[in-house]
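The following questions and answers examine side-chain packing in one protein chain. Please consult the sequence and the structure while reading.

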Amino acid sequence: MGDTTDERRDQVHPNLVNSSNDQPELGPEPSKSTSREDSPNLDDDNSFNDDLSDDESICRSPTKTPAKKVTSAASKDYSLLPSDEDFQFKKPKFRKKKFIFHPFVRDKEGVCVPDCGKEAVEVTIPEQLAASYGLYIWPASPVLAWYIWLNQDKFRDKRVLELGAGTALPGLLAAKLGASKVILTDSVRLPHCIHNCQEGVQLNNLQGTVSVEPLTWGQFTSATLKLRNNLDYIIGSDLFFDPEVFEPLVVTVSWLLDNNPGAQFVCTVQERAADWSIESLLLRWKLACSVLRPNQFLRGTGIVEADLTGNHNIFVLTIWKKE
């Protein structure tokens, strides 16, 4: 199984908010895959730096907050005051994270059990703890990777495009699971994200299957036109992170679905505000959607939704073109 089934999709109101709280019974826990820092039995590799930092340190400029001490003017210790060095630019900390997915089979009851006859699938992700959204593995990315891992037959021999790829865990995993072609894309205004995707392709030796292209939501170029009749799945994780990007993202998704009949857009959404909605955009562009909670596609794995999402409310959103 993977760390950080072909399930029935429930039709829902096309809104980013879903109040479903179904908690299905889960089967015995099979062998799980783990990320590098959670797996003490992995061979040591000095090229990996797996010391985790607090999330809040991602966007903090100084390496540490200068200590404060309230004293009288006469006894003030000036050594505790911030110095010029505290506000010098620090080069972002670069590290690689390895995700290991252990093969499984489902028994007659649909419970996942380890498949010891197959080798584990490893995906190495370059990541930077810097003040940039696209260079960090956000919680929705492993959730989409889990969905792809548990539904890998759907993506085998398919043509996949990942929007806003950034660290590109889902797209790289799809390539390792047998997708015939994977295109990783990110905004032309974010060359550091494009470069990060290229690094990920090289680290995983996927140059023959995976390409990296700039694609800015809401803009159409000659490269975009080449995507006509070339895609089966469009995927993405945590793309609806700001209402300002909702319309250009939906416009891009609508065009891709229009020009790739039968294709679907599958993304993971982290709910950040109850009043954020794409309902009007879906209606305008004649799109339909369904929502799938992690506890639905994790059924039979022995894994509880909170183990994967933590305190975040994350779900899988599938969008397709209305007939």
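Rings of Phe, Tyr and Trp (its six-membered ring) pair if their centres lie within 6.5 Å; planes under 30 degrees apart count as stacked, over 60 as edge-to-face and the rest as tilted. This is a predicted model, in which local features need pLDDT of at least 70 and side-chain atom pairs count only at pLDDT 80 or more, while totals for chains, interfaces and linings use all residues. Residues are numbered from 1 along each chain as its sequence is written, and side-chain values use heavy atoms, with hydrogens and water left out.

Q: How many aromatic pairs does a search of the whole structure find?
A: The ring criterion given above was applied to the whole structure. The search finds eight aromatic pairs.

Q: Which geometry, stacked or edge-to-face, does the pair Tyr-136 and Trp-138 have?
A: Tyr-136 is buried at a relative accessible area of 13%, and Trp-138 is partly exposed at 29% (buried means under 20% relative accessible area, exposed over 50%, partly exposed in between, with a 1.4 Å probe and protein chains only). Their ring centres are 5.0 Å apart and the planes meet at 80°, so the pair is edge-to-face.

Q: How many residues apart in sequence are the parts that Phe-155 and Tyr-233 tie together?
A: These two rings form a tilted pair, with 4.6 Å centre to centre and 35° between the planes. Phe-155 belongs to helix 2 (residues 152–155) and Tyr-233 to strand 9 (residues 233–237); helices (H or I, at least four residues) and strands (E, at least two) are DSSP runs, numbered from the N terminus. The pair therefore links parts whose separation in sequence is 78 residues.

Q: Which side chain makes a polar contact with the side chain of Glu-127?
A: Glu-127 lies in strand 5 (residues 121–129) and is buried, with a relative accessible area of 0%. A polar contact is a pair of N or O atoms within 3.5 Å; within protein, one must be able to donate a hydrogen and the other to accept it, and residues adjacent in sequence count only if both atoms are side-chain atoms. The side chain of Glu-127 reaches the backbone nitrogen of Ile-137 at 2.9 Å. At 2.7 Å, its side-chain partner is Arg-95.
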